[in-house]
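Thanks for coming, everyone. Please have a look at the model on the screen, and then I'll walk you through it.

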Amino acid sequence: MNYPKKVVVGDITVRDGFQHEEIYVPTPAKLWVLEELILAGVKHLEVTNFGNPKGMPQFKDADELFKSIRKSKRVKDLIDSVSLTAVTIRERAIERAIQARKDGYGPDRILLMVSTSESHQRKNSGLSLAEYWKMSEEWIPKAHDAGLKVNGTVSTIWGCPNEGPTDIKDAIEFAQRWLDIGANDVEHADHDGSASPDRVYKYYSMLMDKFTNPEKHIVHFHTTRGWGLANVLAALQLSLIH
């Protein structure tokens, strides 16, 4: 087994884990989870989503949560060594992140997302793929100018809930495009936990043949159908998780 000697683990519980909860998770509870993760040694955390809270009520406290973790006494000696990410799918969310950064409490990194499925892209962002790439090309330099790193995520790699099977070759091309337009790293997302370990291994084998260096590539798995750990091991064998 070609496992790497070191693995960098990030956590997205407070953002991705809580976003679909029907009962609102109070800000102090979210803050406690973030603090505990930092105290446990996690260095990369997704904190919230700066999108419109009308559609995502769990994130109505986005600014408050960022302010709270930045001034937390429990992690004050560790916070400067931690990278905090906010999801920013559209322009207004990116603007919010930039302003929060300028005001001294915002994220270190933002996340933009494309789907290889056109219908999923429209449902997730309200834009076509062509429109979203154009928007990203415009806003990545603005984010960089504000001191923000930018992640470009690729979704529906192994299939779309709307359209069914997708071509994994498209995701490889999308990863290259993110890097070409200035993304600092690329996240490859099994957005719904539907990818099987054999297909995960095939995709990441193709990815490493293309890029060779794993340091700009991140894996994102869910545990649906019990495949989450198996997929992690498949990626580890390829030394992709870093």
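Start at Tyr-203. Set aside its neighbours within four places in sequence, and Tyr-203 is in contact with Ile-157, Trp-158, Ile-168, Ala-171, Ile-172 and His-188. Keep in mind that this is a predicted model. Tyr-203 also belongs to a ring cluster: ring pairs link Trp-158, Tyr-203, Tyr-204 and Phe-221.

Now the core. The largest nonpolar core has 66 residues. Which residues have the most contacts inside it? They are Trp-158, Trp-178 and Tyr-203. Helix 6 gives this core its largest share, seven residues.

Helix 6 covers residues 129–145, 17 residues in total. From first C-alpha to last it reaches 25 Å, close to the 24 Å expected at 1.5 Å a residue. There is a bend of about 25 degrees at Trp-139, and a proline, Pro-141, follows within four residues. Trp-139 carries a charge as well: the charged end of Lys-142 sits over its ring, 4.1 Å from the centre. A second case of this kind involves Lys-67, whose charged end sits over the ring of Tyr-105, 5.0 Å from its centre.

What is buried in helix 6? Leu-129, Tyr-132, Trp-133, Met-135, Ser-136, Trp-139, Ile-140 and Ala-143 are. The cover over these buried residues includes helix 4 (91–102), strand 4 (109–115), helix 5 (118–125), strand 5 (149–155) and helix 7 (168–180).

A search of the whole structure finds seven aromatic pairs. Take Trp-133 and Phe-174. Why is this pair edge-to-face? Because the ring planes stand at 90 degrees, with the centres 5.5 Å apart. The pair links distant parts of the chain, with Trp-133 in helix 6 and Phe-174 in helix 7, 41 residues apart. Both partners are inside. Trp-133 counts as buried at 2% relative accessibility. Phe-174 is buried too, with a relative accessible area of 13%.

Now the end of helix 6. Asp-145 lies in this helix. Is Asp-145 buried or exposed? At 71% relative accessibility, Asp-145 counts as exposed. Compare sequence and space here: Asp-145 and Ile-157 are 12 residues apart in sequence, and 30 Å apart C-alpha to C-alpha. Just after helix 6, Gly-147 takes a positive phi of about 90 degrees.

Over to helix 2, residues 27–39. How far should its 13 residues span at 1.5 Å a residue? They should span 18 Å, and the end C-alpha atoms are 18 Å apart, which agrees. The buried residues here are Thr-27, Lys-30, Leu-31, Val-33, Leu-34, Glu-35, Leu-37 and Ile-38. What covers them includes strand 1 (10–11), helix 1 (13–17), strand 2 (44–49) and helix 3 (62–70).

Look at the lysine on that list. Lys-30 counts as buried because its relative accessibility is 2%, and buried means under 20%. Which residues is Lys-30 in contact with, leaving aside neighbours within four places in sequence? They are Val-14, Phe-18, Tyr-24, Val-25, Gln-58, Asp-61 and Leu-65.

A last detail. Just after helix 2, Gly-41 takes a positive phi of about 110 degrees.

To recap: helix 6 bends at Trp-139, and Trp-133 pairs edge-to-face with Phe-174. In helix 2, Lys-30 is buried. That's my tour.

Definitions and conventions
Residues are numbered from 1 along each chain as its sequence is written. This is a predicted model: local features need pLDDT of at least 70, side-chain atom pairs count only at pLDDT 80 or more; totals for chains, interfaces and linings use all residues. Side-chain values use heavy atoms; hydrogens and water are left out. Helices (H or I, at least four residues) and strands (E, at least two) are DSSP runs, numbered from the N terminus. The expected span of a helix is 1.5 Å times one less than its number of residues. The bend at a residue is the angle between axes fitted to the seven residues ending there and the seven starting there. Buried means under 20% relative accessible area, exposed over 50%, partly exposed in between (1.4 Å probe, protein chains only). Contact means heavy atoms within 4.5 Å. A nonpolar core is a set of buried Ala, Val, Leu, Ile, Met, Phe, Trp, Tyr and Cys residues joined through side-chain atoms within 4.5 Å. Rings of Phe, Tyr and Trp (its six-membered ring) pair if their centres lie within 6.5 Å; planes under 30 degrees apart count as stacked, over 60 as edge-to-face and the rest as tilted. A charge sits over a ring if NZ of Lys or CZ of Arg is within 6 Å of the ring centre and within 35 degrees of the ring normal.
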